[in-house]
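Which values stand behind each name?

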Amino acid sequence: MFIGHFAFGLAAKKAAPSLSLGTLFLSVQLLDLLWPTFLLLGMEKVEISPGITAATPLNFTSYPISHSLIMALVWGILAGGIYYLVKRNLQVAVVIFACVISHWFLDLLMHRPDLPLVPGSAVKVGLGLWNSIPGTLILELTLFFTGIYLYLTTTKALNKAGNYAFWSLIIFLFIIYISNIFGPPPPSVPALAWVGESQWLIIIWAYWADKNRSPINYELKPS
């Protein structure tokens with residue numbers, strides 16, 4: 001799951017119009033932003049095994065800190081809790097929490113049974129949609145286009161940058177997604193981890209795009 005996560009962030013703008021798309025993208029991708037750091041530190045492990053599924057060559061052998069269900073809940077509570085302490089807005093804090101934990105449940109649809117429920121548990125789950133490229137494309141693209149529609153019905157461009165920055169971001173995400181599905185496998189695990197770290201650029205891009213857009217029918221400053 002890649003653009004499906006970003007789709008949830010786009011759609012969540014409808015539930016929290018005051019929240020920047022950058023913050024929403026940070027929330028939905030928090031687990032995958034933590035994961036490459038844990039890889040580089042040797043705290044989690046992945047293997048590059050072409051053919052293990054149709055849609056990805058990655059064999060997630062150990063990632064209990066970033067991708068177990070209980071830790072996803074912990075990260076979600078932490079992210080939502082920090083927002084609430086700073087902004088004192090419970091409704092938006094709950095949206096951030098929902099965005100963070102949505103990552104695990106969307107991954108559940110795609111992954112092989114490799115998602116742990118709790119760190120150290122032998123019980124791992126996953127429904128395995130990655131075994132079907134058509135199924136993967138249908139689900140993720142449906143989510144992606146739905147998310148775009150909901151975001152566009154919630155915001156309007158304030159200037160040309162509001163259109164250019166947003167649509168260039170959408171096109172970039174789509175190109176990366178197609179490259180991940182049909183491109184060659186990563187050359188090494190460290191290279192994969194550093195590419196994962198580059199997702200922070202997408203977060204910054206989303207802040208820029210959303211800064212140049214305004215919620216429709218709201219007089220609220222993106223936060």
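The following questions and answers concern a predicted model.

Q: What makes the pair F60 and Y63 a stacked one?
A: The ring centres of F60 and Y63 lie 5.1 Å apart, and rings pair if their centres lie within 6.5 Å. The planes of F60 and Y63 stand at 10°, whereas planes under 30 degrees apart count as stacked. The pair is therefore stacked.

Q: Why are F60 and Y63 called buried?
A: Buried means under 20% relative accessible area. F60 has 9% and Y63 has 2%, so F60 is buried and Y63 counts as buried.

Q: Why is the pair W104 and F105 called edge-to-face?
A: The ring centres of W104 and F105 are 5.1 Å apart, with the planes at 80°. Planes over 60 degrees apart count as edge-to-face, so that name applies to W104 and F105.

Q: Which residues do ring pairs link into a cluster?
A: The cluster consists of W35, F60, Y63 and W130, linked by ring pairs. The search of the whole structure finds ten aromatic pairs.

Q: What places R213 over the face of F166?
A: R213 is 5.3 Å from the ring centre of F166. The distance limit for a charge over a ring is 6 Å, and R213 lies over the face of F166.

Q: What makes the contact of D210 and K13 a salt bridge?
A: The side chains of D210 and K13 meet at 3.0 Å, N to O, and the limit for a salt bridge is 4 Å. A search of the whole structure finds one salt bridge. The pair links distant parts of the chain: D210 belongs to helix α10, K13 to the loop between α1 and α2, and the two are 197 residues apart.

Q: Why are D210 and K13 called buried?
A: D210 has a relative accessible area of 1%, and K13 has 1%. Buried means under 20%, so D210 is buried and K13 is buried.

Q: How do you know that helix α6 reaches close to its expected length?
A: Helix α6 has 21 residues, for which 30 Å is expected at 1.5 Å a residue; from its first C-alpha to its last, α6 reaches 31 Å. Helix α6 also bends by about 30° at S102.

Q: What makes the approach of N89 to Q91 a polar contact?
A: At the start of α6, a side-chain oxygen of N89 comes to within 3.2 Å of the backbone nitrogen of Q91. A polar contact is a pair of N or O atoms within 3.5 Å.

Q: Why is R88 called exposed?
A: R88 has a relative accessibility of 57%, and exposed means over 50%, so R88 counts as exposed. R88 is found in the loop between α5 and α6, and R88 has a positive phi of about 60° although it is not a glycine.

Q: Why does T56 count as buried?
A: T56 has a relative accessibility of 10%, and the limit is 20%, so T56 counts as buried. T56 has its place in the loop between β1 and β2.

Notes:
Residues are numbered from 1 along each chain as its sequence is written. This is a predicted model: local features need pLDDT of at least 70, side-chain atom pairs count only at pLDDT 80 or more; totals for chains, interfaces and linings use all residues. Side-chain values use heavy atoms; hydrogens and water are left out. Helices (H or I, at least four residues) and strands (E, at least two) are DSSP runs, numbered from the N terminus. The expected span of a helix is 1.5 Å times one less than its number of residues. The bend at a residue is the angle between axes fitted to the seven residues ending there and the seven starting there. A polar contact is a pair of N or O atoms within 3.5 Å; within protein, one must be able to donate a hydrogen and the other to accept it, and residues adjacent in sequence count only if both atoms are side-chain atoms. Rings of Phe, Tyr and Trp (its six-membered ring) pair if their centres lie within 6.5 Å; planes under 30 degrees apart count as stacked, over 60 as edge-to-face and the rest as tilted. Buried means under 20% relative accessible area, exposed over 50%, partly exposed in between (1.4 Å probe, protein chains only). A charge sits over a ring if NZ of Lys or CZ of Arg is within 6 Å of the ring centre and within 35 degrees of the ring normal.
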